[in-house]
Amino acid sequence: MGEAHAAALQLGQVPQPSSFEGAAPAFHPAREALLVRRPEGLHCPAGGFFIDPWQRVERAVITHGHADHARAGHTHYLTHRDGVAILKARLGEQIAIEGLDYGKVLRVGEVDLSLHPAGHILGASQVRLARRGEVWVISGDYRVEADASCAAFEPVECDVFISESTFGLPIYRWEPQARVMAQIVEWWQHNAAAGKCSVLYTYALGKAQRLAMALPEGPILVHPAVDQMHRCYRRAGRPVPESPVWDVQARVPRGALILAPPASADSRAMARVGEREDAFVSGWMQLRGLRRRRALDRGFALSDHADWPGLLQAIRASAAQRVMVTHGQVPALVRHLCELGLEASALDAEGWGDETG
Ligand SMILES: [Zn+2]
Ligand SMILES: [Zn+2]
């Protein structure tokens, strides 16, 4: 019995053969790479599946629910168990999807596939591929600073590590979450004392739940898109506090804080909020210029990605001799890794690269 069967039994479901297990591709020479670049995305020839493909494929392993990684239109999806509700909410209840627990091994074709916490958002995984003693790990998006909103990043030793590099420049160094939260609270209290509302622009998936869990009690309203993701987190057992959904017809109480996605910034609903201060929470806020261009009152640099020291820490912990760098600041990180004596190169993953900093 395969791992998926076992997982299904544990969940009390009728066991069905995993659509991933069955895929037995033709013999592949031992020297063939475990992952290759195809027009559709990163492909594992020996397993017959893709990882976070940007074009439609038969079998897609999805590292996490952000839009650039989890796209609609694939025939079969596989992701971490906690990501299933998120993917269904975003791509449709009808998608064919299997959930896998961290650390469980699924045999797919000639490859042993397992998922490991990436610490990025709920259900985010690094994907480990093993075949005849050779191990590759593809990081997906990852964050090394732990918090209560998702499983903490776990280093996985491998021969080849494929790393993202969204913030792969030495200028990116995050302050600890607690310190950024204290700054946010101070800003909120200051606005409330002046009789104003505070609007915190945040990505609806991941960052918003991280904020909601770390902010103190107070009048907090959430945009419907944020509320939808809050529910997915609660269903997975993460205690995201209940907050009223922001009703655009109703008056927003003075001193309230609204968690809203950046896309709502110029909406008519937002214009009705009344006297308010706006701030954006993102790693990109470490760049002053960006803050000015977005005409924001404030920016708070809190990211769901690793900063420069975090990237290097994760790469070191993988013990990989070969590192491939995907989306983000690719040349800078590749150059630095080569200087450290690693065999580093760029791997073009054109479909990835989000603003979800
Ligand atoms: Zn992401
Ligand atoms: Zn991404």
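Predicted model: local features only at pLDDT ≥ 70, side-chain atom pairs only at ≥ 80, totals over all residues.

Q: Where is the pLDDT below 50?
A: Over residues 1-15. Beyond near neighbours in sequence, that stretch has 20 contacts in the model. A contact here is two residues whose C-beta atoms, placed from the backbone, lie within 7 Å.

Q: How many helices and strands are there?
A: Nine helices and 18 strands. These are DSSP runs numbered from the N terminus: helices are H or I with at least four residues, strands are E with at least two.

Q: Sheets next. In what order do the six strands of the open sheet run?
A: β1-β2-β3-β4-β5-β6, with mixed pairing. Two strands pair if DSSP finds at least two bridges between them. The edges are β1 (36-38) and β6 (97-100), each pairing on one side only. From one strand to the next, the twist averages 35°. Angles run from 0 to 180 degrees between N-to-C directions, and axes are lines fitted to C-alpha atoms, for helices over the stretch in contact.

Q: Parallel or antiparallel, for β1 and β2?
A: Antiparallel, over three bridges, with β2 covering residues 41-44. R37 has L42 in β2 as its bridge partner.

Q: Which helix lies across β5 and β6?
A: That's α2 (residues 84-91), at about 155° to β6; β5 is 76-80.

Q: Switching to the five-strand sheet: what's the pairing there?
A: Parallel, in the order β13-β14-β12-β15-β16. Here β13 (220-222) and β16 (298-300) are the edge strands, pairing on one side only. Neighbouring strands are turned by 25° against each other on average, direction ignored.

Q: How many bridges pair β15 with β16?
A: Three, with β15 spanning residues 276-281. V281 sits opposite F300 in β16. Helix α3 (residues 177-193) packs on this sheet, touching β12 (197-201), β14 (257-260), β15 and β16, and its direction makes about 155° with that of β16. Helix α4 (residues 207-214) packs on the sheet too, touching β12, β14 and β15, at about 155° to β14.

Q: Why is β17 largely enclosed by the rest of the structure?
A: Because six of its seven residues (strand β17 is 322-328) are buried.

Q: Which strands does β17 pair with?
A: β11 (residues 160-165) pairs with β17 in the parallel sense over five bridges, and S165 has G328 as its partner. β18 (residues 343-346) runs parallel to β17 too, joined by four bridges; there V323 is partnered by A344.

Q: How does the chain cross from β17 to β18?
A: Through helix α9 (residues 330-339), in a right-handed β-α-β crossover. Right-handed means that, with the strands pointing away from the viewer, the path from the first strand over the helix to the second runs clockwise.

Terms used: Residues numbered from 1 in each chain as written. Chains lettered and ligands numbered in written order. Buried ≥ 20, exposed ≤ 12 C-beta atoms within 10 Å, placed from the backbone. pLDDT = per-residue confidence, 0-100.
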